[in-house]
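This report looks at how a chain is divided and how two chains meet. Please keep the sequence and the structure in view while reading.

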There are 2 protein chains.
Amino acid sequence: MKKKLTSRAQDYAQWYNELVQLAGLAENSGVRGCMVIKPYGYAIWEKMQAELDKMFKQTGHENAYFPIFIPKSYLSKEAAHVDGFAKECAVVTHYRLKNSSDGSGVVVDESAKLEEELIVRPTSETIIWDTYKKWIQSYRDLPILVNQWANVVRWEMRTRLFLRTAEFLWQEGHTAHSTKKEAIFETEQMINVYAEFAQNFMAMPVIVGLKSEKERFAGAEETYCIEALMQDGKALQAGTSHFLGQNFAKAFDVRFTNKQGKREFVWATSWGVSTRLMGALIMTHSDDNGLVLPPNLAPFQVVIVPVFKDKKQLEEISSKVNSIKKSLEKIGVSVKYDNRDTHKPGWKFAEYELKGVPLRLTIGPRDIENGTVEIVRRDTLEKKSYAISDFENQVKLILGEIQENLYRNALSFRKDNTYEANTKQEFEELIKKGGFVYAHWDGTSETEELIKQKTKATIRCVPFNTTKKPGKCLYSGKPSEQLVLFAKNY
Amino acid sequence: MKKKLTSRAQDYAQWYNELVQLAGLAENSGVRGCMVIKPYGYAIWEKMQAELDKMFKQTGHENAYFPIFIPKSYLSKEAAHVDGFAKECAVVTHYRLKNSSDGSGVVVDESAKLEEELIVRPTSETIIWDTYKKWIQSYRDLPILVNQWANVVRWEMRTRLFLRTAEFLWQEGHTAHSTKKEAIFETEQMINVYAEFAQNFMAMPVIVGLKSEKERFAGAEETYCIEALMQDGKALQAGTSHFLGQNFAKAFDVRFTNKQGKREFVWATSWGVSTRLMGALIMTHSDDNGLVLPPNLAPFQVVIVPVFKDKKQLEEISSKVNSIKKSLEKIGVSVKYDNRDTHKPGWKFAEYELKGVPLRLTIGPRDIENGTVEIVRRDTLEKKSYAISDFENQVKLILGEIQENLYRNALSFRKDNTYEANTKQEFEELIKKGGFVYAHWDGTSETEELIKQKTKATIRCVPFNTTKKPGKCLYSGKPSEQLVLFAKNY
């Protein structure tokens, strides 16, 4: 028998950890804080990558690759940047091992010490702007619209699979522009690309907004973000896009000759999403039976489980299944046929429920006779019998329904857990309860810090798309321009 | 004006370095031995990745991701393995920076020293087999057919763009099997996948064979390889597939319960190709005018350059070009239309010749009148005028011809530069001249080393697909079972 998941109500964090491992998504490795992304988890990440990559290319970006190592002196060139990352840097100091003189094994060869230490990239602004200096002379060389898919390392003390790991996979876009306006346009465009991806592929509604100064990326002038609400009432920052102003251009002396022949500093943006999205995906849709995947990101959208007593029955079923599989694949539906005879149907049902496959199709000897199949939707667990030809026609429709249903459910969950607080007391009660809490804030880091100390809530963002309703800060009583979004967060 | 390439005859190494940089493929970074892969170079690598990934999946493999760091103790568990890699390991010793007490900048925080040093992976057998231990209990868990796309670091002292860099990108397949036979089948299957890829996509003929013991992967029982001949008469190892026996299973104590209920060690393979293939591609086809790309790997197969005097002419041409572009894209041909008015047609011709675009299409006002286009093939530099409709029909044919022609040329170059040596003197003259030299060898590492000392030639492989003609070793006079392949190499 399979191990049963801890329920969400019982212990949400425990449920999450078990689910990630039991569904074959990821596991901890022998290296502190670094995870192994298992094939099924990686297949979901590959789907995310493929869709995002397409969207980046459609908006004119190209991929490139920059070194994993950053000389310590590069990292130090932008003051706020190094302050933000220094405390979590993995540092390479030597480039050789040797046999120990006492024969006890392999040790670091002290004679192979690097003159300058190298940092395993926590993010690549510095190495990239050192490179862009060589690429940019004139306005003709701009814009540069480059993205890289890479691994990065931030030495986090408390790690959790996908959500916070010492090494993670991500993409980081780094663009260079001749005007501030163009750079801001790019920053906004990319946060909207992320929002669109979250909504259309992850079926995850997000709030788009600006970070407060305190929560801004180290080295940015403005950080735009998308924020999602998880089932336990905590917020998760799912993607960020930074307007970097001329900070990195100044740190690395990157100037261009404009059309008037004058030298100017270049304007920059950077933007990224990471394997953290996997955590967001899991915590948006899954249930006590396991993972629930939106069809647009499922490694396979339909799993077919045969029910048979003997080899002859299996052969009959398989011949029918192969034709169903072919016609589904023809219309772009991905199908897995699990005809293993080492596992019982019941075991398989539990397995694919755990793995969140959107549709499960069961077919046995009686179905063959009747020309029917039994379908179970993962989102509703609803069971229904179809004539085979009917099902083939409707499968895309059903998958579309599941995708929409997941989004609708997540949206209504968010709606039910979004509040506006009008007094300090109300605010603190709501934050304790969990969810998104809109409240007035005076715009100062001091008040923000005070609120965090008292309630553990942080400002998730100053949202766009809200009416600018002025009011008074709940904590300081000073005037506030608009409601901002508070929550406890991952 | 563009800088002119050094010719191959003048200085092959210099030609290569200039070409890689001028064609926008890669450049050196500020980090010793680490390269920046530029967008155009990365686009070729992406094409390679996509095709290889498809072939891996067709042969039943899945992707996953394992940590970039390997604890020093893991690396040490397989004796031959650590011997092979210890001298080129980047070692992480600390996990934090801090402000120096004298205010001079950021320094390593000595209080954040790791208990055990971490090695930036030079290859992942050890961390993966530490993981497989958790995945494998019974024969039902086998085979495991996993691949990862990743960056690796080997601290090479002398580096060259793509050919030998401290950091490079690659894929590494790591499979686990219940029988020796199955593992050997896998090893052979994957070297054949590589050979097929080299031939059908890179248009690069390769010799498939076995490495001698001396050239074997550190930790392998057998290493299979594909070897290609570069234009300067040197060999390049383009891919390897290793039969690892039970070495890593023993080092990490990975056993399974077989069908009879007995515990056995698991059998292993690993196999990889890297961004080194970019170097092989360049040195197989390119000429003194620049890069020459096989259509199957070109980021865009056709470039269209308009010739115009004014805006009105450009508009007329563009409207025609857009319809050509659409109909070509419809049949799966990738097209770039370079309508920039900041560069003259002559500049663009040189640029796309340098970048190796298979077909260049020029279209001017007279072409619009006559319904014609001018086509230049990059491989032959042949110029021809076509009726537009004719061209649209034939473009796939022409691209196919280019792909074949490149392969045919490379094959005939190899044929012309492959020799059989019957005496020591003849062998040494041929090696000096350059090319593939078949010769008899007694099978010992001593003779192999002696030959290397005297001639700088190494055994590239003991080729399959040759008749086993016995003879006598040219150096020791001892009996030899078959001819083996010698060459100087990259």
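What distance separates the centres of domain 2 of chain A and domain 3 of chain A? Taken over C-alpha atoms, the two centres lie 50 Å apart. The model is a predicted one.

## Domains of chain A

Chain A is split into three parts, listed here by residue range. Domain 1 is made of the segments 12–70, 128–211 and 223–285. Domain 2 covers 300–398, and domain 3 covers 418–487.

## How the copies are related

In general, a rotation about an axis and a shift along it relate two copies of a chain. Here, chain B is superposed on chain A by a rotation of 180° with 0.0 Å of shift along the axis, and the RMSD is 0.0 Å. This is the relation of a two-fold axis.

Which residue of chain B comes closest to the rotation axis? That residue is B:Val92, whose C-alpha is at 2.1 Å.

## The interface

On the chain B side, 52 residues are in contact with 52 residues of chain A. The chain B side consists of 31 nonpolar, 10 polar and 11 charged residues. Of the interface residues of chain B, 100% are also interface residues in chain A, so the copies meet through the same surface.

## Strands across the interface

Strand S5 of chain A (residues 91–94) is joined to strand S5 of chain B (residues 91–94) by three bridges. The two strands run antiparallel. Within this pairing, A:Val91 is opposite B:His94 in S5(B).

Methods:
Residues numbered from 1 in each chain as written. Chains lettered and ligands numbered in written order. Predicted model: local features only at pLDDT ≥ 70, side-chain atom pairs only at ≥ 80, totals over all residues. Contact = placed C-beta atoms within 7 Å. Nonpolar A, V, L, I, M, F, W, Y, C, P; charged D, E, K, R; others polar. Pairing = 2+ DSSP bridges. Helix = DSSP H or I, 4+ residues; strand = E, 2+ residues; numbered from the N terminus. Domains from an automatic or database assignment. Least-squares fit on C-alpha atoms with pLDDT ≥ 70 in both.
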